[in-house]
Structures are given as C-alpha cells and as structure tokens.
Amino acid sequence: MNKFYPAIFYPPLILKFLAKNPAPSLSAYHLLSTRKPEQLLKHQGSYTSILPKVSLLHVSIYVLFISISFLITLSFILLSPLWLVAVTWVSVGLGIFCAMFPVSLKTSTNKNISKYRQSPTEVKNETVLRLQKHEAKLRQWIADKVLQPIGRSDAPAGVSEKAFYQVLRHVFPNAVQGVAFQNPQFSYPYSADFVFVHTSSLSIDIEIDEPYVGNTKAPHHCIDQGKDEIRNKFFTNGNWVVIRFSEKQVVKYPRSCCKVIASVVARVAGDRTYLFQLQSVPDLPHEPMWTIKQAKKWANVDYRKTYLPVFYG
C-alpha cells in the first residue's frame, strides 16, 4: 500500500487496458492558440514577405533617376520658368516612389491577413482535448464490468466533505456525494465519499481520510489497521479507480486535489478537458500516511483543529 497521499489504486482491468493502449502523449493534443491573426503572420515570417526588398536593381534605378533629374532640372532652370521646374521635380519624385514601392504592397498585405481570417482553424489551430477513439476503446473495454451502486448512502458526511464537494462539483459537474455499494461480506454497505463517472465509463471513487474520529478520538484510516486496504480491493475488484486524499489536503488544497483527479482522467480516458482547466493550479503536495500511534498523538493535541476552518463536534 502507498505510504503517501494522494494514493491512487487502479483496477487490474484498467492497468491491462493501459498496457494495450498507452496513454497518449502531449504531442497528440493541439491546444488552443490565443494569438491574433496579425501575430500569427509575424510569427510565421509573413511580414518579411509582405514588405518589399530593396535590391541592387532598386538602388541603381534610384541613382539613375537622381542623375537624370539633376540634368533635366539644370536645363530647365536655364531655359524654362520656375513652375515648369516644379512640375518636373514632382514627376521625377513620383517616378522614384513607384519604382521603389510597387502598388502590390497593400494588396499583398490584405491578401495575407484575409487568408487567416477566412480560415479560423489556421488562426487558432484545432482545439483537441479529447481523443474520441481512445474513449470509445475504453468504454468497450469495461462495458458491463463496473460494479454499480445501490443508491445514496445514509452514512454521515465528514466535516470537510461539504466544502470540498462544492469545489469538486465546479470542476466535475457530474460528481456525486455519498453513494452506497452493496458488500456481500458485511451487513451494511460501503459508502463512497464521492464518485465521478466519466463518459468513457471510467469510474472513480474519491475518499477523504481523517486521522481520528472527531467525537471519540478513535484512530482512523491508519496504515496498520488494514481496513482501507480491504476496502480498496473491494472497489478495484469492481473496476473502480480509488483516489484517497488526506483531510488536510482537501481543506488546504482543494483545487490541487481536483487536478490529481483530472490527471487520472487524462491518463486513462485520454480526456484533458479538466486538466486544461486546472493547468495554472499548483501540484498537490504529498503528505505521509499515519499509524495508529501517530493518530493517537494527534488526537491528544486536537491536531485536526490546526487545519479545519471550523471546530468539529
């Protein structure tokens, strides 16, 4: 069993699927580009092709026009009135301008920009955060093999669950709190803190572990108790992925906990939609699991009060 939170347990069926269908790499996804068409043009070097290049030919023409204009102007100064001299200079200037800057400049610029405006997919690239074929393979792989719940659970929710559920639902709208599963080995059902079922049929059991019971101070979720290990096997045998967080993690870093869940969805189902939403969220800090001895020490000093926003009863 893992010694740190978060702890993730995959069913053998899911691990076999991943072995046959490796998780797609980041290069398989085309993320949305937010650059404007003009920025894309500059990035791709189009601006350099839009502006005219000053070649040796242009320089030669320029020198030729200057020389001719000087001679013509000199002759007109000697033989003609001043207004004719002015007209001559204007004509020479227009000739030089036309030779150096072709009329196609504006047309070329508009043509390049309009090309991107007419093709939105070239401006933004295609946004692909889900691989439908991969999801379809997973759906077929685990079809009718996932243990189904029997309804909502009557077990009381932990003091940190309500606040975390609000954050969880914001990222995963289909997440459900308090779901019961029939266990033939016990007279009472197992209660999942939260469950999330992806459209690919990937099913995730999300648990919050506190070190001791609030009112009795009894050690809880200890690695040397063995209860959680039995429970994990029950769910993984039913083809549920189990993700366990410490209570402190969901209280202090709820969105980072959601990022862990999103990473599992991306790895197994190939759906990076949720992970893309949480890309700016820091990774979840790991926290060591505890023993019965440690849980008793924490209970004696009311350790949970150091991170819970409201004292529990």
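Student: How far is the sulfur of Cys258 from the closest cysteine sulfur, and in which residue does that sulfur lie?
Tutor: This is a predicted model, and the distance is computed from its atoms. A disulfide needs two cysteine sulfur atoms within 2.5 Å. The sulfur of Cys258 is too far from its closest partner for a bond, because the separation is 7.0 Å, and that partner lies in Cys257.

Student: How many disulfides does the structure hold?
Tutor: The pair formed by Cys258 and Cys257 is too far apart for a bond. For the structure as a whole, the number of disulfides is zero.

Student: Is Cys258 buried or exposed, and what is the relative accessibility of Cys222?
Tutor: Buried means under 20% relative accessible area. Cys258 has 0% relative accessibility and therefore counts as buried. Cys222 also counts as buried, because its relative accessibility is 4%.

Student: Which residues does Ile204 contact, leaving aside its neighbours within four places in sequence?
Tutor: Ile204 is one of the core residues that touch the most other members. Its contacts beyond those neighbours include Phe194, Val195 and Phe196.

Student: Where does Arg272 lie, and is it buried or exposed?
Tutor: Arg272 lies in the loop between H12 and helix H13 (273-277). Its C-alpha atom is separated by 7.4 Å from that of Ala262, ten residues apart along the chain. The relative accessible area of Arg272 is 17%, so this residue counts as buried.

Student: Which elements do the buried residues of H10 pack against?
Tutor: In helix H10 (227-237), the residues Asp228, Arg231, Asn232, Phe234, Phe235 and Thr236 are buried. Just after this helix, Asn239 takes a positive phi of about 65°. The buried residues of H10 pack against strand S2 (7-9), helix H1 (12-20), S4, S5, S6 and strand S7 (241-246).

Student: Which residues are closest to the centre of the largest pocket?
Tutor: About 1,100 Å³ of space lies in this pocket. At least two residues of its lining come from each of strand S4 (176-181), strand S5 (190-197), strand S6 (203-209) and helix H10. By class, the lining has 15 nonpolar, twelve polar and twelve charged residues. Of the 39 lining residues, the closest to the centre are Ala155, Asp193, Glu210, His220 and His221.

Student: What volume does the largest cavity have?
Tutor: Rolling a probe the size of a water molecule over the atoms shows where empty space is left. The lining of the largest cavity consists of Asp209, Pro211, Lys248, Glu287, Trp290, Trp298, Tyr303 and Tyr307. By class, this lining has five nonpolar, no polar and three charged residues. The volume of the largest cavity is about 30 Å³.

Student: What percentage of the residues of the protein chain count as buried?
Tutor: The secondary structure of the chain comes to 14 helices and eight strands. Of its contacts with a separation of 6 or more, 75% are between residues 24 or more positions apart. Of the 313 residues, the share that counts as buried is 41%.

How values were computed: Residues numbered from 1 in each chain as written. Predicted model: local features only at pLDDT ≥ 70, side-chain atom pairs only at ≥ 80, totals over all residues. Heavy atoms only, no water. 1 Å grid on protein atoms, 1.4 Å probe; cavity = no way out; pocket = protein on both sides within 12 Å on 5 of 7 lines; lining within 4 Å. Points joined across faces, edges and corners; volume = space filled by probe spheres on them. Helix = DSSP H or I, 4+ residues; strand = E, 2+ residues; numbered from the N terminus. Nonpolar A, V, L, I, M, F, W, Y, C, P; charged D, E, K, R; others polar. Buried < 20%, exposed > 50% of the residue type's maximum accessible area, 1.4 Å probe, protein only. Core = buried A, V, L, I, M, F, W, Y, C linked by side-chain atoms within 4.5 Å. Contact = heavy atoms within 4.5 Å.
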